Structures are given as C-alpha cells and as structure tokens.
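Here is a friendly briefing to read alongside the model. Please have the viewer open and follow the topics in turn.

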Amino acid sequence: MEEKTAAGITGKTWPDVSLEPSTKEFGERIRLDPPVCGLPAFRVQPELLYNAIRFLKENKAYRFNQLTDVTCVDHLQNGQAPARFEIIYNFHSLPTSARLILKSWIAEDDATVDSIHSLYKNANWLEREIFDQYGLRFKGHPNMKRILNHKEFVGHPLRKDYPISKGQWLSEADDLLDELEIRHRLDPKDDDGDRERMTLNLGPSHPAAHGTLRNMVELSGETILYCIPEIGYLHRGFEKNAETHCYNMVIPYTDRLNYCSAIMNNVGYVKAVERLLNIEVPERCRYIRVIMCELSRIMDHLVANGANLVDLGALTNYWYLFSLREKIYNVLEEQTGARLTNSYTRVGGVWADVNENFEPSVRQILKDVPRHVNDSLKLVARNRIFLDRTVGVGAISAEDAVSFGYTGPCLRAAGVDWDLRKVQPYYHYDEFDFDIPVGERGDTYDRIMVRFEEMFQSCRIIAQALDRMPDGPVNIADRRYILPPKEEVYSSIEGMVSHFNLVMRGVRPPAGDVYDATEAANGELGFYIVSDGSQNPYKCHVRPPCFHIYSSFPTLAEGGMIADAIAILGSLNIIAGELDR
Amino acid sequence: MRFLHPTPGLSGIPQEDAEARSREILQRARIYGEDRTLTDQMMLTRLDSVVNWGRKNSLWPFIFGTACCAIEFMAVAASHFDISRFGAELIRWSPRQADMMIVGGTVSYKQAPILRRIYQQMADPKWVIAMGACAASGGFYDDYCTVQGVDKIIPVDLYIAGCPPRPEAILGAIRELQIRLERQPVRV
C-alpha cells in the first residue's frame with residue numbers, strides 16, 4: 001500500500017532491490033528494516049559494516065558503485081533507541097538504478113566505525129563531516145580532522161545536547177601544514193631536487209576562489225604537486241537550524257543552499273517533506289514547479305559559465321550572460337516577490353499561483369535564451385585561447401567521477417549518461433521530450449559545454465510544460481497542510497481554526513525517515529529527513545552535489561598549473577552555500 | 001572664478017569669508033593687470049573639497065563576498081545596473097588597492113580572522129559597507145557558526161538591509177557614502 005502511493009508521488013518508485021544472498025551470507029547480523037518511504041533499508045551490526053558495504057559494491061548482482069551519502073542521527077531525545085547514534089549509508093547503483101540504505105546503531109561509548117574511504121573516494125570527506133558534527137571516529141581514516149567547523153572548536157554541534165547559539169571564536173586561521181604533511185607521507189611525489197618547492201595559499205578571499213574556497217598548494221615551479229582544500233568558511237548550520245524550525249520555516253533556509261538557483265532547493269526540500277507526508281501536489285503545481293526549476297537551472301548555468309569565463313579572462317561573456325539572467329530575475333520577481341531568494345514553494349503547493357503575465361514573459365525568455373547564449377558561444381566556441389585553456393584540462397574518468405559521487409553536469413561531462421530527470425523521473429519529466437548532453441573527456445571544456453547545451457534543453461522542457469500546463473488549483477485542499485484562503489479565515493470558524501492550527505502547530509508528519517532527491521543544477525540534491533512526529537524535523541540532512549564534487553578537486557588540480565586549477569574550479573561550479581551548508 | 005564644491009565650516013572659515021577672500025585675491029590680481037590669466041586658469045577651493053571630490057568619484061571597492069549577497073553584487077557590477085555609473089566599477093581583489101570594502105554575505109567564526117586581517121591590510125582612508133542581513137547582524141543564522149554582525153570585528157560605516165538587498169539598495173549605499181565623503185575632513 002505504502003509502496004503504491006510512494007510510486008504515485010514520484011511517477012516511478014525507487015527500483016526495488018533484494019538482498020537475499022547477502023542475508024544468507026551474513027546471517028542474523030544483517031536484517032531487513034522498514035523501508036524508508038519506498039527505499040529498501042537494512043540494519044547492520046557496526047562491526048559488519050565494512051564487509052557488507054564491500055559486498056554490496058563488488059557483488060555482480062548489486063554493483064552499488066556510488067555512495068550517495070553518509071549521515072548520522074543523534075537519538076539522545078529518543079528514549080526507545082537502543083543506542084545513541086545511528087549511522088545511515090545511502091547507496092546508489094548506476095548500472096541498475098537501484099538504491100539502498102544501510103543503517104547501524106553506534107553506542108556512544110565506543111563511537112568508532114570502520115572507514116570506507118578505500119571503497120568510495122567521497123567517503124573521506126563524508127566521514128570527516130560526521131566526525132566534526134557528531135564526534136564519531138572512523139577507524140583507518142587517513143585524516144580524521146574537522147572539516148566544517150574551525151580547528152579551535154570544542155564539542156560537536158549537531159549533537160542534541162549542543163546549544164544552537166553557542167558560538168566559538170577562532171583566533172587564527174589554520175595553516176593546513178599538518179594535512180600537507182600527511183600527503184607527503186602517504187604519496188611522496190618525486191622531489192626533483194634542483195628546484196625549490198613553494199607553498200602557496202589560494203583563498204579563501206581570492207578573485208577566482210569564488211568567495212569562500214581555500215586551497216593550500218605546494219608548487220614545483222608553477223606545477224601543483226599537492227593541493228589541500230579547506231572548506232567550511234560558509235558553514236551556516238543549516239541542519240541545526242532546520243531542527244529548531246517548523247517544516248515550512250525551513251524553506252527560506254533552503255533558498256540559501258545553492259543561492260544561484262534557489263527555487264530548485266525549495267522544490268527539492270518540499271518534495272521530500274511531501275513524500276514523508278504521503279501527499280501529492282495538484283497537476284498545475286507540478287508544471288509550475290517544473291517551469292520554475294528549469295528557469296532556475298538556466299540561471300544557475302549562466303552564473304556558472306559566466307563566472308568561469310571571467311576567471312579565464314573572457315569578461316565579455318559575463319556581460320552577455322548576466323543580462324539574460326537579469327531578464328529571468330524579472331520574471332521570477334514578478335511571480336514570487338523576490339529576485340534571488342524566492343522561497344516560492346510550500347509543503348503541499350506553492351506560495352501563490354502565477355499571474356497572467358507568466359506565460360508571455362516566459363515565452364519571451366525562451367526567445368532570449370538562444371540569442372544571448374549563442375552570442376557568448378560565438379565568442380568562445382572556436383576561440384584558440386579558450387580551447388587551449390580548457391580542452392584536456394582537469395579531465396576525470398567516468399569511473400573516478402562515479403566513485404567521487406559526481407552527479408549532474410559534471411558527471412555527464414565525464415561521459416556518464418545519467419540524469420535523475422530521466423532515470424527516476426518526477427513531475428512528468430518522463431513525458432517531456434528532451435535530451436541529456438553527455439561529454440567525452442570529462443574535462444573543463446566538456447563541463448562548460450554541457451552546461452551551455454543544458455540551457456537549450458531546459459528551454460525545450462519549459463516550452464512543453466507551458467503548452468500542457470492545466471488550469472486548476474495549485475495547492476492541495478487538505479487544510480492540515482495548506483493555509484485556507486483569507487476570506488474563509490475571516491468568515492468561518494473552521495477556516496480560522498485550521499489557520500490557527502497550521503500557524504501555531506505547523507505541519508506534523510508521521511514519525512519516520514525519508515530520502516528524496518531532485519536533479520538540481522549541480523546534480524542530485526537529496527534531503528534525508530527524520531521525523532519524530534513533532535512540528536520540527538528531528539534531523540534534516542541535505543545531500544549537496546557540490547560537496548562530493550569538490551572533494552575531487554585535488555585529484556583534478558594536481559599535476560597541472562595554477563592557472564589550470566582556476567579554470568577547473570570554475571567549471572565545477574562549487575557554490576559555497578551548498579558545499580558548507 | 002569658480003568654486004569647486006565649497007564645503008562651509010570645515011576648515012573653520014565660513015563660506016562668506018571664503019568668498020570674500022577670493023574676491024580680495026581677484027582684486028589684487030586686477031591691480032597687477034593679470035585678471036584674464038587668473039580667472040581663466042586658476043580655481044580656488046579647499047584641499048578638503050578637491051581631495052574628497054576625487055575620492056568620492058573613484059571609490060575602489062573590495063568585495064568580501066562570501067554568500068548569496070555576492071551573487072547580487074555580481075548583478076550590480078553587470079551590464080544592467082552598471083556600478084560604473086557611480087565611479088566605483090574598478091573592483092579590486094587586493095585589499096592593498098581598495099578603499100571601500102563591501103562585506104556581502106554571512107561571515108562565520110571560521111572566516112572572522114580572515115576578514116579582520118584583510119580589513120587591516122587596506123590602506124587608509126577606508127570605508128566598510130555591510131551588505132545584507134547576515135553581514136549586518138547575522139541575519140536569521142543565530143547559531144553556533146555565524147558571527148552576529150561584522151561590526152563585532154571591524155568598524156562599519158553603512159548597513160544595507162535586505163536578504164539579499166536589491167541592487168538599487170547597493171547603489172543607494174554607494175551614493176550615501178559619496179555624500180558623506182564630501183563632508184569628511186581630509187586630515188585626520
């Protein structure tokens with residue numbers, strides 16, 4: 001029954017997976033858990049985690065080759081829990097499109113888990129994050145160091161007993177030499193002897209570091225030998241804030257995750273909450289969400305490519321691309337009331353229906369996009385300097401990209417034809433006719449060109465959605481989730497009561513977990529929400545696409561020149577708000 | 001005889017006195033038969049006025065952009081809003097070459113020592129604009145990692161409300177700073 005309704009929400013259910021052989025092999029120590037809103041879940045004993053995960057990855061029947069996410073829940077306020085911490089692994093198999101969740105209880109006194117960084121490359125940073133936020137240690141991890149909070153931070157902020165507003169000052173920024181030391185020890189690159197090595201700090205306030213990204217590089221001449229990225233400069237405590245706000249009050253915080261395309265985050269979040277609530281939004285709402293998301297995708301790619309080309313010295317592209325962005329801003333502002341941080345969606349619908357100007361202005365945008373984008377493409381597509389600086393620079397193989405947890409344009413540039421809108425379609429994406437651009441080499445050039453092409457494909461989707469958008473309500477009728485219209489509030493007792501109830505008590509989903517993902521501009525944007533039945537999420541974890549992609553930056557940058565690192569960094573489109581949350 | 005942006009009362013001389021003095025100079029010049037040369041080539045003003053006139057029309061901004069506000073600042077710098085209309089388009093990425101710092105975005109405790117150091121690296125005279133709710137007060141991030149306003153670590157001249165502020169608000173703040181600059185004594 002639950003499976004069936006879950007299928008209705010997404011259009012297609014998450015593909016099922018059966019772990020019969022594994023349960024035979026591991027016996028009682030691995031057992032089936034209640035599914036996470038349609039996703040199969042298994043409960044594993046902690047000492048078995050490493051072996052079970054290796055089995056899942058290497059067994060021909062499963063091939064879970066991508067680690068989507070690792071997160072942790074602190075069950076301090078849950079009296080029923082057998083242990084304080086619960087670690088949650090989220091796997092994804094690109095060949096079979098199956099997904100799987102592994103959970104394990106970890107007691108507080110021996111809060112140690114085997115590290116899986118040797119199986120999945122993105123596990124390195126994910127485990128550091130859990131150590132930083134929860135204090136769980138990972139055995140065999142090469143660099144168990146804080147990642148989001150600063151080095152002088154005491155305590156673990158996402159533990160339930162850490163007060164949210166207890167800030168801690170930092171006296172001096174980290175010099176990162178200890179991490180460089182570890183790299184020297186682990187893989188010493190040949191010392192060429194005659195040339196002197198130099199360490200150079202890039203960022204976090206650097207013209208090409210996009211605000212808050214910092215890298216410590218060790219150079220031989222101008223070649224990067226080692227690159228140590230440091231993140232967390234824009235860590236704003238999204239998850240802790242979400243735990244203290246009602247479900248609808250979290251929406252403005254999601255705006256500020258990937259602030260280049262705020263509406264896509266709004267949609268991703270409310271879609272997860274709606275899945276948890278088991279409600280379906282009306283048809284018109286779905287089409288509006290699709291159009292808004294695709295407009296946001298175009299806006300995001302405009303910033304990504306515009307900024308990247310500025311970093312390469314091609315300033316004119318920025319003027320061309322940003323003037324188009326300004327036009328889309330105007331449409332969004334007219335419909336949502338805000339230029340950048342729209343907060344447009346609500347659980348169960350959207351803030352308001354679009355007005356009569358919507359269709360003509362969006363159709364005008366569809367005419368403008370090819371004009372502006374082609375203006376920019378004409379400047380770069382056959383430009384010798386551009387080609388020299390991007391072709392073959394920062395290439396990543398498809399296998400590595402998957403292992404690093406790449407999703408979105410960066411994964412497609414590496415030659416993997418994978419897009420959530422095609423693989424696990426939601427909101428009628430399976431009915432739209434559009435193509436997925438795929439690169440060949442996975443280099444900077446491919447990433448830029450995939451983004452350019454995706455803008456044209458988004459236009460195709462928007463045109464079809466506009467044609468098919470039906471009339472009707474944009475919000476569900478259920479008064480437990482959506483505010484009644486004002487005239488009803490002022491004229492009837494039922495209206496006033498439900499208004500009061502929703503404002504004072506908020507949306508209250510049933511207890512349980514949910515993982516849901518949408519294809520955002522940078523890749524798979526997932527939300528893992530744990531509800532305890534109250535008005536606030538007990539835990540709201542976001543799976544940011546950037547975090548996984550940026551963890552591969554040393555691999556891409558090392559061996560190249562400093563100037564290449566700048567080009568690569570821009571093409572990955574790392575948005576700090578999403579990276580650091 | 002022209003006066004360039006007379007700023008009364010700054011150097012202790014009332015405007016009428018200043019005009020009287022310039023008339024006196026002119027009178028003296030006439031006696032020596034050099035009035036044409038003088039009126040054509042000489043301009044009388046105060047040091048404060050002429051220096052401030054230069055400063056206010058060539059503010060060199062340093063963008064300490066960390067978050068969403070930085071994206072909105074990009075819109076200010078881009079073709080539609082065009083910050084160069086106000087003489088502040090030469091965005092410097094080195095604090096050594098800038099005199100107006102715009103802090104756009106959330107500043108975390110991890111970022112705080114860096115912001116302070118960059119501010120100290122800027123040469124005097126310098127002005128700081130706190131752009132947006134986060135820079136002004138921490139915004140709605142009242143939590144363990146966010147500095148509750150950059151004025152906790154550096155002096156701020158102007159605050160811009162909004163999350164993020166509209167581009168017009170940023171241009172308005174630059175205009176406001178220019179107006180204040182006109183009245184500022186050059187010697188500190």
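At 1% relative accessibility, A:I263 counts as buried, because buried means under 20% relative accessible area, with exposed over 50% and partly exposed in between (1.4 Å probe, protein chains only). This is a predicted model, where local features need pLDDT of at least 70, side-chain atom pairs count only at pLDDT 80 or more, and totals for chains, interfaces and linings use all residues; side-chain values use heavy atoms, with hydrogens and water left out. Residues are numbered from 1 along each chain as its sequence is written, while chains are lettered from A and ligands numbered from 1 in the order in which they are written.

**Around A:I263**

- A:I263 lies in helix α8 (residues 262–277) of chain A; helices (H or I, at least four residues) and strands (E, at least two) are DSSP runs, numbered from the N terminus.
- Leaving aside residues up to four places away in sequence, A:I263 touches A:M292, A:S296, A:L332, A:T336, A:N342 and A:Y344, where contact means heavy atoms within 4.5 Å.
- A:P40 sits 223 residues from A:I263 along the chain, and the C-alpha atoms of the two are separated by 29 Å.

- Strand β4 (residues 85–92) of chain A is mostly covered, with 8 of its 8 residues buried.
- Both faces of β4(A) are covered: A:F85, A:I87, A:Y89 and A:F91 are buried on one side, and A:E86, A:I88, A:N90 and A:H92 on the other.
- Strand β3 (residues 66–74) of chain A runs antiparallel to β4(A), joined to it by 8 bridges; two strands pair if DSSP finds at least two bridges between them.
- A:C72 stands opposite A:I87 in β4(A).
- Strand β5 (residues 99–106) of chain A is also antiparallel to β4(A), and 8 bridges join the two.
- The bridge partner of A:H92 in β5(A) is A:R99.
- The hairpin of β4(A) and β5(A) has 6 residues between the strands, and A:S97 takes a positive phi near 60° there.

- Strand β1 (residues 30–36) and strand β2 (residues 39–44) of chain A run antiparallel and are joined by 5 bridges.
- A:D33 stands opposite A:A41 in β2(A).
- This hairpin has 2 residues between the strands, and A:C37 takes a positive phi near 45°.

- In chain A, 3 strands form an open sheet in the order β8-β9-β10, with antiparallel pairing.
- β8 (197–202) and β10 (223–230) of chain A stand at the edges with a single partner strand each, so one side of each is left without a neighbour in the sheet.
- The twist from one strand to the next averages 20°.
- Strand β9 (residues 214–220) of chain A pairs with β10(A) over 7 bridges in the antiparallel sense, and A:V217 stands opposite A:C227 in β10(A).
- Helix α5 (residues 177–186) of chain A packs on the sheet, touching β8, β9 and β10 of chain A, and its direction makes about 130° with that of β10(A). Axes are lines fitted to C-alpha atoms, for helices over the stretch in contact, and angles run from 0 to 180 degrees between N-to-C directions.

**A helix pair within chain A**

- The axes of helix α11 (residues 358–380) and helix α16 (residues 444–468) of chain A come within 10 Å and cross at roughly 160°.
- That makes α11(A) roughly antiparallel to α16(A); angles under 35 degrees count as roughly parallel, over 145 as roughly antiparallel, 65 to 115 as roughly perpendicular and the rest as oblique.
- The contact residues include A:F358, A:V362 and A:L366 of α11(A) and A:M449, A:F452 and A:F456 of α16(A).

**Where chains A and B meet, and chain B itself**

- Helix α10 (residues 315–336) of chain A and helix α4 (residues 68–77) of chain B have axes that come within 10 Å and cross at roughly 110°.
- That makes α10(A) roughly perpendicular to α4(B).
- A:Y318, A:W319, A:F322, A:R325, A:E326 and A:Y329 in α10(A) meet B:I71, B:E72, B:M74, B:A75 and B:A77 in α4(B).
- Chain B has 7 helices and 4 strands, and buried residues make up 49% of its 188 residues.
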